[in-house]
Amino acid sequence: MIRKLLIAIVGLSFLGFCSCKSETKKETPKTVEEEVFKSTAIDDGRVSLNLNEMQKNHQLSNMRSHLEAVQEITLLLSQDDYDKASEIAYTKLGSTTEMKLMCASFGDKGFENLGLEFHKSADEMSEIFKKRNKEKSLTALSNTLNYCVQCHATYKQ
């Protein structure tokens, strides 16, 4: 009887030890910050601009503004409103002094040159819109968007 009791105690102790051991192997849940850092730390081959938090927020705001301008231009072209599309292209995407200074502020010559070419293409797009030719206008818009694609494929914050 004592022998059976000892076997039972040893067996239960072994089961308890195994269950504790498997619990310690369980992964603790990650925080949101850990998951975000993990996803942004992936090396995807793009060049980091090594921006501080203020620069990142400013750059994101700029990119969103550019995207909104492109969306507005697309709608205006669909409505044959070439004058307004030209104005938006020039004022919101063109080579303004502010945009030129912004492109130069990141300290990366390749990024600066790509940004300046983007803004220059927006100036050209603005002029093409004035000719009221939908096919040429859409080609110009595509050309400008190509700079966006190149930049996002090459650089990251």
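Helices (H or I, at least four residues) and strands (E, at least two) are DSSP runs, numbered from the N terminus. The model is predicted: local features need pLDDT of at least 70, side-chain atom pairs count only at pLDDT 80 or more, and totals for chains, interfaces and linings use all residues. Residues are numbered from 1 along each chain as its sequence is written, and side-chain values use heavy atoms, with hydrogens and water left out.

The chain holds 7 helices and 2 strands. Along the sequence, their order is α-α-β-α-α-α-α-α-β. Of its 157 residues, 25% count as buried, where buried means under 20% relative accessible area, exposed over 50%, and partly exposed in between (1.4 Å probe, protein chains only). Contact means heavy atoms within 4.5 Å. Among the contacts in the chain with a separation of 6 or more, 72% come from residues 24 or more positions apart.

Helix α3 covers residues 53–78. At 1.5 Å a residue, its 26 residues should span 38 Å, and its end C-alpha atoms are 38 Å apart, which agrees. The expected span is 1.5 Å times one less than the number of residues in the helix. Buried positions in α3 are Gln 59, Asn 62, His 66, Ala 69, Val 70, Ile 73, Leu 76 and Leu 77. The elements that cover these buried residues include α4, α5 (97–104), α6 (109–129) and α7 (134–154).

Two packed helices are described by the angle between their axes and the distance between the axes. Axes are lines fitted to C-alpha atoms, for helices over the stretch in contact, and angles run from 0 to 180 degrees between N-to-C directions. Helix α3 packs with α4 (residues 82–93) at an angle of about 170 degrees, and the axes are 8 Å apart. That makes α3 roughly antiparallel to α4. Angles under 35 degrees count as roughly parallel, over 145 as roughly antiparallel, 65 to 115 as roughly perpendicular and the rest as oblique. The α3 and α4 crossing is left-handed; in such a crossing the near helix is turned anticlockwise from the far one by less than a right angle, and in a right-handed one clockwise. On the α3 side, the contact is formed by His 66, Ala 69, Val 70, Glu 72, Ile 73, Leu 76 and Leu 77. They meet Tyr 82, Lys 84, Ala 85, Ile 88, Ala 89, Lys 92 and Leu 93 in α4. By class, this contact of α3 with α4 has 10 nonpolar, 1 polar and 3 charged residues. Ala, Val, Leu, Ile, Met, Phe, Trp, Tyr, Cys and Pro count as nonpolar, Asp, Glu, Lys and Arg as charged, and the others, Gly among them, as polar.

The axes of α3 and α6 come within 14 Å and cross at roughly 20 degrees. The two helices are therefore roughly parallel to each other. Gln 59, His 66, Ile 73 and Leu 77 in α3 meet Phe 111, Phe 118, His 119, Met 125 and Phe 129 in α6. This contact of α3 with α6 divides into 6 nonpolar, 3 polar and no charged residues.

Most residues other than glycine have a negative phi. Asn 50 has a positive phi, near 50 degrees. Asn 50 is found in the loop between β1 (47–48) and α3, and counts as exposed at 66% relative accessibility. Arg 132 also has a positive phi, near 60 degrees. Arg 132 lies in the loop between α6 and α7 and is partly exposed at 46% relative accessibility.
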